[in-house]
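Reader: I'd like to learn how to read this model feature by feature. Could you walk me through it?

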Amino acid sequence: MKLILLGPPGAGKGTQAQRLQDEFGYRQLSTGDMLRAAVASGSELGKQARAIMERGELVPDALMIGLIDGRIGEPDCAAGFILDGFPRTVAQAEALDRMLAQRRTALDHVIEMEVDEAALVARIVGRFTCAKCGTGYHDTFKRPTKEGVCDVCGATEFTRRKDDNEETVRTRMAAYRSQTAPLLPYYAGRKLLRKVDGMAGMDEVYRQLKAVLGRA
Ligand code: AP5
């Protein structure tokens, strides 16, 4: 299964990709997570990406394409992969088409998570993550069962993303509208685009996704 989840910041791409990975073993490939790891490690890529991400703008296509091209052929992607955050421009989508054609394979689905932008700022500024295992939580929509303790690994440290503030979120949304939304007609024209209601509760969104994938 080769899948793209498309949607603006806070649409729930990471939340749902994690669930699909856990249940079916399709590898979640989050370019945002890869970039944050590069920033944390102080690598050359991280140094180039850091300030751009903090402003909420897009990292140059050439860097992103190189990152994904090296990744989709690795053994842990053999059962399939879920692209979360890539492609984000038409140039990235065209490069992905070339990468897949070279490997004699193709996308199965591109799924748009349809959301009401007005609700997204609250989703994003309330987000936090377990510092040890990366499980995602939210101040209102998904609190740990035991306050201050990760449900998955029991850790007690949590982190918040530096770009999860209201001003940067507005820039990220503008980048989505101008640079990423043109991918919707791009994939609709290839008859690959499907939609789920990203405003529904997390379990209902997951149910709709599995129905699209024929795994309900
Ligand atoms: P990235 O990390 O990809 O961020 P993003 O696209 O802005 O997406 P988010 O991670 O904010 O949202 P999400 O849709 O995954 O939502 P989530 O599931 O966490 O990119 C960060 C930066 O990296 C970019 O700005 C750019 O600079 C750079 N970058 C990355 N890829 C790039 C590329 N290809 N090209 C160029 N630059 C690139 O959910 C959000 C919150 O809502 C969570 O707390 C969750 O618990 C909650 N929630 C989720 N679903 C629901 C629901 N149904 N109901 C209620 N709450 C919900």
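Predicted model: local features only at pLDDT ≥ 70, side-chain atom pairs only at ≥ 80, totals over all residues.

Reader: Let's go to the ligand. How many residues surround the ligand, and which are the closest?

Author: A residue is near a molecule if one of its heavy atoms lies within 4 Å of it. Here 34 residues surround the ligand, and the closest are T15, E57, R88, R127 and R172. By class, the shell has 14 nonpolar, eleven polar and nine charged residues. In that sorting, Ala, Val, Leu, Ile, Met, Phe, Trp, Tyr, Cys and Pro are nonpolar, Asp, Glu, Lys and Arg are charged, and the others, Gly among them, are polar.

Reader: Which protein atoms lie 2.9 Å from an oxygen atom of the ligand?

Author: For polar contacts, look for a pair of N or O atoms within 3.5 Å; within protein, one must be able to donate a hydrogen and the other to accept it, and residues adjacent in sequence count only if both atoms are side-chain atoms. G10 uses a backbone N or O atom, 2.9 Å from a ligand oxygen. K13 has a polar side-chain atom 2.9 Å from an oxygen of the ligand, and R161 likewise places a polar side-chain atom 2.9 Å from a ligand oxygen. The protein covers 95% of the 1,100 Å² of accessible area that the ligand has on its own; accessible areas come from the Shrake-Rupley method with a 1.4 Å probe, and for residues only the protein chains shown count as cover.

Reader: Which element gives the most to the shell around the ligand?

Author: Elements are DSSP runs numbered from the N terminus: helices are H or I with at least four residues, strands E with at least two. Helix α2 gives the most, with four residues. The elements giving two or more residues to the shell are α1 (13-24), α2 (31-41), β6 (136-138) and α9 (202-212).

Reader: On to salt bridges. What does the count come to?

Author: Side chains of opposite charge can pair when their charged atoms come close. The rule asks for a side-chain nitrogen of Lys or Arg within 4 Å of a carboxyl oxygen of Asp or Glu, and the count comes to 23 salt bridges. One of them pairs D76 with R27, the closest N and O atoms being 2.7 Å apart. D76 sits in the loop between α4 (61-69) and β3 (81-84) and R27 in strand β2 (residues 27-30), so the pair ties together parts 49 residues apart in sequence.

Author: Compare R50 and E54, whose side chains meet in a salt bridge at 3.5 Å, N to O. These two are four residues apart in helix α3 (residues 44-55), so about one helical turn separates them. There is also a network of salt bridges linking R127, R161, D163, D164 and R172.

Reader: Is H109 buried or exposed?

Author: Buried means under 20% relative accessible area, exposed over 50%, and partly exposed in between (1.4 Å probe, protein chains only). H109 is buried, because its relative accessible area is 16%. H109 is found in strand β4 (residues 109-114). Contact means heavy atoms within 4.5 Å, and leaving aside neighbours within four places in sequence, H109 is in contact with M1, K2, L3, I4, L192, R194, V212 and L213.

Reader: And where is L58 placed?

Author: L58 lies in the loop between α3 and α4. At 23% relative accessibility, L58 counts as partly exposed. Not counting residues up to four places away in sequence, L58 touches I52, R88, T89, A175 and Q179.

Reader: Last, the backbone. Which residues does a cis peptide bond join?

Author: F86 and P87, with omega at about -5 degrees. P87 is in the loop between β3 and α5. Check phi too: R104 is not a glycine, yet has a positive phi of about 55 degrees, and R104 is exposed, with a relative accessible area of 77%. K191 is not a glycine either and has a positive phi of about 60 degrees; K191 is exposed at 76%.

Conventions. Residues numbered from 1 in each chain as written. Heavy atoms only, no water.
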